[in-house]
Amino acid sequence: MSDDLGEKLLALSCPVPVSDTPNILLGHGGGGRLSQMLVEKMFAASFDNAALSEMHDGAVLPVPAGRLAFSTDSFVVRPYFFPGGDIGSLAVHGTVNDLAMCGARPLALSSALILEEGLPMEDLWRITRSMAEAAKAAGVSIVTGDTKVVDRGKGDGIFVNVSGVGLVPDGIEISPRRARPGDVILVSGAIAQHGIAIMALREGLEFGTTVETDSAPLHGMVASLLDALGGDVHVLRDPTRGGVASVLNEIAKAAGTGVSITETAFPIAEEVRGACEILGLDPLYVANEGKLLAFVARDRADQALALLRAHRYGAEAAIVGEVTDEHPGRVVLKSRVGGRRVVDLLTGDQLPRIC
(Lines give C-alpha, C1' and ligand atoms only; values in the text may rest on other atoms or scores of the structure.)
Protein backbone atom coordinates (compact mmCIF):
# COMPACT_ATOMS: atom_id res chain seq x y z
CA MET A 1 0.00 0.00 0.00
CA SER A 2 1.36 3.45 -0.86
CA ASP A 3 1.96 5.94 1.95
CA ASP A 4 -0.78 8.20 0.57
CA LEU A 5 -3.32 5.39 0.43
CA GLY A 6 -2.36 4.13 3.89
CA GLU A 7 -2.79 7.58 5.38
CA LYS A 8 -6.09 8.01 3.58
CA LEU A 9 -7.41 4.71 4.94
CA LEU A 10 -6.22 5.38 8.47
CA ALA A 11 -7.83 8.82 8.38
CA LEU A 12 -11.23 7.16 8.08
CA SER A 13 -12.66 6.10 11.42
CA CYS A 14 -13.88 2.58 11.91
CA PRO A 15 -17.70 2.74 11.96
CA VAL A 16 -17.92 -0.06 14.53
CA PRO A 17 -17.70 1.36 18.11
CA VAL A 18 -14.17 0.15 18.93
CA SER A 19 -14.40 1.51 22.48
CA ASP A 20 -16.98 -1.23 23.15
CA THR A 21 -15.53 -3.94 20.90
CA PRO A 22 -11.90 -3.16 20.03
CA ASN A 23 -11.33 -6.74 18.87
CA ILE A 24 -13.26 -9.34 16.92
CA LEU A 25 -15.44 -11.50 19.19
CA LEU A 26 -16.93 -14.91 18.45
CA GLY A 27 -20.30 -13.13 18.43
CA HIS A 28 -19.31 -11.20 15.30
CA GLY A 29 -19.70 -14.47 13.41
CA GLY A 30 -22.72 -15.75 15.27
CA GLY A 31 -25.43 -14.29 13.06
CA GLY A 32 -26.88 -12.04 15.78
CA ARG A 33 -26.71 -8.34 16.58
CA LEU A 34 -22.90 -8.15 16.49
CA SER A 35 -22.79 -9.87 13.09
CA GLN A 36 -25.44 -7.56 11.73
CA MET A 37 -23.57 -4.49 12.97
CA LEU A 38 -20.31 -5.65 11.35
CA VAL A 39 -21.97 -6.43 8.02
CA GLU A 40 -24.06 -3.28 7.81
CA LYS A 41 -21.67 -0.71 9.25
CA MET A 42 -18.39 -2.01 7.86
CA PHE A 43 -18.77 -4.32 4.84
CA ALA A 44 -21.99 -3.09 3.20
CA ALA A 45 -21.02 0.54 3.76
CA SER A 46 -17.53 0.03 2.31
CA PHE A 47 -18.49 -2.13 -0.70
CA ASP A 48 -21.73 -0.23 -1.38
CA ASN A 49 -23.48 -1.20 -4.65
CA ALA A 50 -27.01 -2.05 -5.81
CA ALA A 51 -26.59 -5.84 -5.83
CA LEU A 52 -25.08 -5.94 -2.33
CA SER A 53 -27.68 -3.57 -0.88
CA GLU A 54 -30.36 -6.24 -1.48
CA MET A 55 -28.78 -8.12 1.48
CA HIS A 56 -29.88 -11.42 -0.05
CA ASP A 57 -28.22 -14.84 0.21
CA GLY A 58 -26.51 -14.14 -3.10
CA ALA A 59 -26.25 -11.50 -5.79
CA VAL A 60 -28.52 -11.47 -8.86
CA LEU A 61 -26.65 -9.92 -11.77
CA PRO A 62 -27.53 -9.04 -15.37
CA VAL A 63 -25.10 -10.90 -17.64
CA PRO A 64 -24.24 -9.74 -21.18
CA ALA A 65 -24.22 -12.34 -23.95
CA GLY A 66 -20.96 -14.22 -24.27
CA ARG A 67 -18.83 -16.61 -22.23
CA LEU A 68 -18.25 -16.32 -18.49
CA ALA A 69 -14.95 -16.92 -16.76
CA PHE A 70 -15.17 -17.90 -13.08
CA SER A 71 -12.25 -17.95 -10.65
CA THR A 72 -11.61 -18.18 -6.91
CA ASP A 73 -8.52 -17.70 -4.74
CA SER A 74 -7.76 -17.73 -1.00
CA PHE A 75 -5.17 -15.53 0.69
CA VAL A 76 -3.33 -16.43 3.91
CA VAL A 77 -0.29 -14.12 3.68
CA ARG A 78 1.57 -13.44 6.91
CA PRO A 79 1.99 -10.64 8.01
CA TYR A 80 -1.23 -9.28 6.57
CA PHE A 81 0.17 -5.72 6.22
CA PHE A 82 3.34 -5.37 4.16
CA PRO A 83 5.16 -2.68 2.12
CA GLY A 84 2.99 -1.56 -0.77
CA GLY A 85 -0.14 -3.50 0.17
CA ASP A 86 -2.07 -5.80 2.48
CA ILE A 87 -4.08 -9.01 2.36
CA GLY A 88 -7.23 -7.13 1.25
CA SER A 89 -5.91 -5.39 -1.86
CA LEU A 90 -3.85 -8.49 -2.67
CA ALA A 91 -7.00 -10.64 -2.64
CA VAL A 92 -8.89 -8.30 -4.97
CA HIS A 93 -5.96 -7.95 -7.38
CA GLY A 94 -5.33 -11.70 -7.35
CA THR A 95 -8.82 -12.64 -8.49
CA VAL A 96 -9.10 -9.76 -10.98
CA ASN A 97 -5.83 -10.97 -12.49
CA ASP A 98 -6.91 -14.63 -12.59
CA LEU A 99 -9.94 -13.55 -14.63
CA ALA A 100 -7.79 -11.36 -16.87
CA MET A 101 -5.44 -14.29 -17.57
CA CYS A 102 -8.48 -16.11 -19.01
CA GLY A 103 -8.99 -13.16 -21.35
CA ALA A 104 -11.99 -11.99 -19.30
CA ARG A 105 -13.06 -8.53 -18.23
CA PRO A 106 -14.12 -8.69 -14.54
CA LEU A 107 -17.85 -8.24 -13.82
CA ALA A 108 -18.24 -8.89 -10.08
CA LEU A 109 -16.44 -10.28 -7.02
CA SER A 110 -17.41 -12.01 -3.79
CA SER A 111 -15.58 -11.70 -0.48
CA ALA A 112 -15.44 -14.37 2.24
CA LEU A 113 -13.56 -13.52 5.44
CA ILE A 114 -12.44 -15.94 8.15
CA LEU A 115 -11.58 -13.89 11.22
CA GLU A 116 -9.83 -15.00 14.38
CA GLU A 117 -11.29 -14.00 17.73
CA GLY A 118 -9.19 -11.11 19.02
CA LEU A 119 -8.33 -9.58 15.63
CA PRO A 120 -8.10 -5.80 16.23
CA MET A 121 -11.19 -4.12 14.83
CA GLU A 122 -9.04 -1.31 13.43
CA ASP A 123 -7.02 -3.86 11.41
CA LEU A 124 -10.22 -5.32 9.96
CA TRP A 125 -11.44 -1.83 9.07
CA ARG A 126 -8.16 -0.99 7.35
CA ILE A 127 -8.28 -4.23 5.32
CA THR A 128 -11.94 -3.69 4.42
CA ARG A 129 -11.24 -0.16 3.19
CA SER A 130 -8.26 -1.45 1.23
CA MET A 131 -10.45 -4.05 -0.50
CA ALA A 132 -13.02 -1.38 -1.32
CA GLU A 133 -10.36 0.96 -2.75
CA ALA A 134 -8.77 -1.85 -4.80
CA ALA A 135 -12.13 -2.92 -6.22
CA LYS A 136 -13.08 0.66 -7.06
CA ALA A 137 -9.73 1.24 -8.78
CA ALA A 138 -10.23 -1.96 -10.79
CA GLY A 139 -13.77 -0.90 -11.78
CA VAL A 140 -15.43 -3.99 -10.30
CA SER A 141 -17.96 -4.40 -7.47
CA ILE A 142 -17.92 -6.77 -4.49
CA VAL A 143 -21.52 -7.96 -4.66
CA THR A 144 -21.79 -10.75 -2.08
CA GLY A 145 -19.82 -12.18 0.80
CA ASP A 146 -19.59 -14.15 4.02
CA THR A 147 -17.97 -13.76 7.44
CA LYS A 148 -16.97 -16.46 9.92
CA VAL A 149 -15.17 -16.10 13.25
CA VAL A 150 -12.99 -18.91 14.60
CA ASP A 151 -11.63 -19.39 18.15
CA ARG A 152 -8.58 -17.47 19.32
CA GLY A 153 -5.41 -19.21 18.15
CA LYS A 154 -7.18 -21.06 15.31
CA GLY A 155 -7.05 -18.53 12.48
CA ASP A 156 -3.83 -16.49 12.44
CA GLY A 157 -5.71 -13.18 12.33
CA ILE A 158 -7.53 -13.17 9.03
CA PHE A 159 -7.90 -15.29 5.90
CA VAL A 160 -9.57 -13.87 2.77
CA ASN A 161 -11.22 -15.66 -0.14
CA VAL A 162 -12.27 -13.69 -3.21
CA SER A 163 -14.15 -15.25 -6.13
CA GLY A 164 -15.06 -13.49 -9.34
CA VAL A 165 -16.83 -13.73 -12.68
CA GLY A 166 -15.83 -12.02 -15.89
CA LEU A 167 -16.87 -11.83 -19.53
CA VAL A 168 -14.66 -13.28 -22.29
CA PRO A 169 -15.06 -11.32 -25.55
CA ASP A 170 -15.86 -13.22 -28.75
CA GLY A 171 -12.81 -14.31 -30.70
CA ILE A 172 -10.57 -14.57 -27.63
CA GLU A 173 -9.19 -18.02 -26.81
CA ILE A 174 -6.55 -17.93 -24.09
CA SER A 175 -5.24 -21.28 -22.87
CA PRO A 176 -1.93 -22.90 -21.87
CA ARG A 177 -2.58 -25.49 -24.59
CA ARG A 178 -2.39 -22.77 -27.27
CA ALA A 179 1.36 -22.22 -26.86
CA ARG A 180 2.97 -23.22 -30.14
CA PRO A 181 6.53 -23.38 -31.53
CA GLY A 182 7.56 -19.94 -32.74
CA ASP A 183 5.60 -18.02 -30.08
CA VAL A 184 7.53 -15.25 -28.37
CA ILE A 185 7.32 -14.98 -24.56
CA LEU A 186 7.09 -11.57 -22.88
CA VAL A 187 7.12 -10.58 -19.21
CA SER A 188 5.41 -7.32 -18.21
CA GLY A 189 8.08 -6.12 -15.77
CA ALA A 190 10.65 -6.79 -13.05
CA ILE A 191 10.11 -10.18 -11.39
CA ALA A 192 10.29 -11.49 -7.79
CA GLN A 193 9.13 -8.21 -6.21
CA HIS A 194 6.24 -9.51 -4.09
CA GLY A 195 7.96 -12.52 -2.58
CA ILE A 196 11.02 -10.53 -1.61
CA ALA A 197 8.89 -7.73 -0.11
CA ILE A 198 7.29 -10.28 2.25
CA MET A 199 10.53 -12.10 3.06
CA ALA A 200 12.45 -8.86 3.69
CA LEU A 201 9.77 -7.83 6.19
CA ARG A 202 9.81 -11.20 7.93
CA GLU A 203 13.61 -11.35 8.11
CA GLY A 204 14.11 -7.64 8.94
CA LEU A 205 16.34 -7.10 5.88
CA GLU A 206 17.17 -3.54 4.80
CA PHE A 207 18.52 -2.50 1.39
CA GLY A 208 18.65 1.29 1.61
CA THR A 209 15.22 1.40 -0.01
CA THR A 210 12.06 -0.49 0.90
CA VAL A 211 11.15 -3.37 -1.41
CA GLU A 212 7.40 -3.09 -2.05
CA THR A 213 4.99 -5.64 -3.41
CA ASP A 214 4.13 -5.34 -7.10
CA SER A 215 0.48 -6.23 -6.37
CA ALA A 216 -1.66 -4.53 -9.04
CA PRO A 217 -4.72 -5.16 -11.26
CA LEU A 218 -3.63 -6.24 -14.74
CA HIS A 219 -6.97 -6.46 -16.57
CA GLY A 220 -6.58 -3.01 -18.20
CA MET A 221 -3.22 -3.94 -19.68
CA VAL A 222 -4.61 -7.29 -20.85
CA ALA A 223 -7.59 -5.58 -22.48
CA SER A 224 -5.33 -3.28 -24.51
CA LEU A 225 -3.27 -6.28 -25.61
CA LEU A 226 -6.33 -8.31 -26.65
CA ASP A 227 -8.00 -5.36 -28.38
CA ALA A 228 -4.94 -4.91 -30.61
CA LEU A 229 -3.71 -8.47 -31.12
CA GLY A 230 -6.91 -10.53 -30.67
CA GLY A 231 -6.33 -14.21 -31.46
CA ASP A 232 -2.57 -13.71 -31.83
CA VAL A 233 -2.34 -13.69 -28.02
CA HIS A 234 -2.20 -17.42 -27.25
CA VAL A 235 -1.39 -17.70 -23.53
CA LEU A 236 -1.56 -15.32 -20.55
CA ARG A 237 -0.49 -16.20 -16.98
CA ASP A 238 0.38 -14.26 -13.85
CA PRO A 239 3.41 -15.94 -12.25
CA THR A 240 2.31 -15.91 -8.60
CA ARG A 241 3.24 -18.84 -6.30
CA GLY A 242 6.20 -20.72 -7.74
CA GLY A 243 7.13 -17.71 -9.87
CA VAL A 244 8.02 -17.60 -13.55
CA ALA A 245 9.75 -20.99 -13.53
CA SER A 246 6.69 -22.91 -12.29
CA VAL A 247 4.30 -21.20 -14.69
CA LEU A 248 6.51 -21.84 -17.70
CA ASN A 249 6.81 -25.51 -16.73
CA GLU A 250 3.02 -25.83 -16.46
CA ILE A 251 2.54 -24.27 -19.88
CA ALA A 252 5.25 -26.39 -21.52
CA LYS A 253 3.64 -29.56 -20.18
CA ALA A 254 0.09 -28.50 -21.08
CA ALA A 255 1.05 -27.58 -24.66
CA GLY A 256 3.56 -30.41 -25.18
CA THR A 257 6.15 -27.93 -26.39
CA GLY A 258 9.55 -26.77 -25.20
CA VAL A 259 10.24 -23.36 -23.69
CA SER A 260 13.60 -21.59 -24.05
CA ILE A 261 14.38 -18.53 -21.92
CA THR A 262 17.37 -16.24 -21.47
CA GLU A 263 18.44 -15.43 -17.88
CA THR A 264 19.80 -11.96 -18.68
CA ALA A 265 16.58 -10.93 -20.45
CA PHE A 266 14.51 -10.90 -17.24
CA PRO A 267 14.24 -7.47 -15.62
CA ILE A 268 15.07 -7.65 -11.89
CA ALA A 269 15.50 -4.72 -9.50
CA GLU A 270 18.98 -4.59 -7.99
CA GLU A 271 17.69 -4.69 -4.40
CA VAL A 272 15.59 -7.75 -5.25
CA ARG A 273 18.55 -9.47 -6.88
CA GLY A 274 20.65 -8.68 -3.80
CA ALA A 275 17.98 -10.03 -1.45
CA CYS A 276 17.72 -13.23 -3.47
CA GLU A 277 21.49 -13.73 -3.16
CA ILE A 278 21.38 -13.12 0.61
CA LEU A 279 18.44 -15.48 1.09
CA GLY A 280 19.70 -18.09 -1.36
CA LEU A 281 16.66 -17.79 -3.62
CA ASP A 282 16.37 -18.10 -7.40
CA PRO A 283 14.27 -15.09 -8.57
CA LEU A 284 12.70 -17.25 -11.26
CA TYR A 285 10.86 -19.14 -8.50
CA VAL A 286 9.84 -16.12 -6.38
CA ALA A 287 6.19 -15.00 -6.47
CA ASN A 288 4.86 -11.95 -8.31
CA GLU A 289 1.42 -10.36 -7.82
CA GLY A 290 1.44 -7.68 -10.52
CA LYS A 291 3.21 -9.23 -13.48
CA LEU A 292 2.10 -11.36 -16.43
CA LEU A 293 3.63 -13.63 -19.02
CA ALA A 294 2.25 -13.37 -22.56
CA PHE A 295 2.80 -15.87 -25.38
CA VAL A 296 2.15 -14.15 -28.72
CA ALA A 297 2.65 -14.91 -32.40
CA ARG A 298 6.20 -14.04 -33.46
CA ASP A 299 5.18 -11.43 -36.04
CA ARG A 300 3.22 -9.50 -33.35
CA ALA A 301 5.92 -9.58 -30.65
CA ASP A 302 7.24 -6.04 -31.19
CA GLN A 303 3.71 -4.64 -31.17
CA ALA A 304 2.89 -6.55 -27.98
CA LEU A 305 6.05 -5.25 -26.31
CA ALA A 306 5.18 -1.65 -27.22
CA LEU A 307 1.63 -2.07 -25.86
CA LEU A 308 2.86 -3.48 -22.56
CA ARG A 309 5.46 -0.74 -22.15
CA ALA A 310 2.82 1.93 -22.82
CA HIS A 311 0.84 0.79 -19.77
CA ARG A 312 1.64 1.98 -16.23
CA TYR A 313 2.14 -1.61 -15.04
CA GLY A 314 4.23 -2.70 -18.05
CA ALA A 315 6.93 -0.03 -18.39
CA GLU A 316 9.73 -2.58 -17.85
CA ALA A 317 8.28 -5.25 -20.16
CA ALA A 318 10.78 -7.44 -21.98
CA ILE A 319 11.00 -10.37 -24.40
CA VAL A 320 12.44 -13.25 -22.37
CA GLY A 321 12.14 -16.37 -24.52
CA GLU A 322 10.34 -18.42 -27.10
CA VAL A 323 8.40 -21.63 -27.59
CA THR A 324 10.26 -24.39 -29.43
CA ASP A 325 9.58 -27.87 -30.74
CA GLU A 326 12.78 -29.03 -29.00
CA HIS A 327 12.80 -30.65 -25.50
CA PRO A 328 8.94 -30.90 -25.28
CA GLY A 329 7.54 -30.40 -21.78
CA ARG A 330 10.74 -28.80 -20.48
CA VAL A 331 11.98 -25.28 -19.79
CA VAL A 332 15.62 -24.67 -20.72
CA LEU A 333 17.46 -21.54 -19.63
CA LYS A 334 20.45 -19.92 -21.31
CA SER A 335 22.49 -18.70 -18.34
CA ARG A 336 24.36 -15.40 -18.05
CA VAL A 337 27.67 -17.29 -18.57
CA GLY A 338 26.42 -18.88 -21.78
CA GLY A 339 25.59 -22.37 -20.49
CA ARG A 340 22.24 -24.12 -20.62
CA ARG A 341 20.31 -25.79 -17.82
CA VAL A 342 16.88 -27.25 -17.26
CA VAL A 343 14.57 -25.13 -15.07
CA ASP A 344 12.39 -27.69 -13.31
CA LEU A 345 9.47 -27.52 -10.88
CA LEU A 346 10.33 -27.18 -7.20
CA THR A 347 9.53 -30.13 -4.95
CA GLY A 348 8.24 -27.94 -2.08
CA ASP A 349 7.47 -24.31 -1.28
CA GLN A 350 10.41 -21.93 -1.62
CA LEU A 351 8.50 -19.20 0.27
CA PRO A 352 5.43 -20.22 2.33
CA ARG A 353 2.50 -17.93 3.27
CA ILE A 354 3.32 -15.10 0.84
CA CYS A 355 -0.11 -14.76 -0.77
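On one side of helix 9 (residues 270-279), Glu270, Glu277 and Ile278 are exposed, where exposed denotes over 50% relative accessible area, buried under 20% and partly exposed the range in between, computed with a 1.4 Å probe on protein chains only. Helices here are DSSP runs of H or I with at least four residues, strands are runs of E with at least two, and both are numbered from the N terminus. The model is a predicted one, in which local features need pLDDT of at least 70 and side-chain atom pairs count only at pLDDT 80 or more, whereas totals for chains, interfaces and linings use all residues. Residues are numbered from 1 along each chain as its sequence is written, and side-chain values use heavy atoms, with hydrogens and water left out.

Val272, Ala275 and Cys276 are the buried residues of helix 9. Viewed down the helix axis, the buried residues fall within an arc of 100°, so they line one face of helix 9; the arc is that of the directions from the helix axis to the C-beta atoms. An α-helix has 3.6 residues a turn, so residues three or four places apart point the same way. The cover over the buried residues of helix 9 includes helix 6 (193-203), contact being defined as heavy atoms within 4.5 Å. Just after helix 9, Gly280 adopts a positive phi of about 70°.

The loop between strand 7 (184-187) and helix 6 contains Ala190. Ala190 is buried, at 5% relative accessibility. Apart from residues up to four places away in sequence, Ala190 touches Pro267, Ile268, Ala269, Asn288, Lys291 and Glu316.

Two packed helices are described by the angle between their axes and the distance between the axes. The axes of helix 2 (residues 33-46) and helix 5 (residues 121-138) come within 8 Å and cross at roughly 30°. Axes are lines fitted to C-alpha atoms, for helices over the stretch in contact, and angles run from 0 to 180 degrees between N-to-C directions. Helix 2 and helix 5 are therefore roughly parallel to each other, as angles under 35 degrees count as roughly parallel, over 145 as roughly antiparallel, 65 to 115 as roughly perpendicular and the rest as oblique. From helix 2, Leu38, Met42, Phe43 and Ser46 meet Met121, Leu124, Trp125, Thr128, Arg129 and Ala132 of helix 5. The residues of this contact comprise seven nonpolar, two polar and one charged; Ala, Val, Leu, Ile, Met, Phe, Trp, Tyr, Cys and Pro count as nonpolar, Asp, Glu, Lys and Arg as charged, and the others, Gly among them, as polar.

Phe43 is also one of the contacts of Leu52, a residue of helix 3 (residues 50-53). Leu52 is buried, with a relative accessible area of 16%. Beyond its neighbours within four places in sequence, the contacts of Leu52 include Ile142, Val143 and Thr144. Ser110, found in strand 4 (residues 105-116), is likewise in contact with residues that include Ile142 and Thr144. Ser110 is buried, with a relative accessible area of 18%.

The structure holds zero disulfides, a disulfide being a pair of cysteine sulfur atoms within 2.5 Å. The sulfur of Cys102 is 17 Å from the closest cysteine sulfur, in Cys355, too far for a bond. Cys102 is partly exposed, with a relative accessible area of 35%, whereas Cys14 is buried, at 11%.
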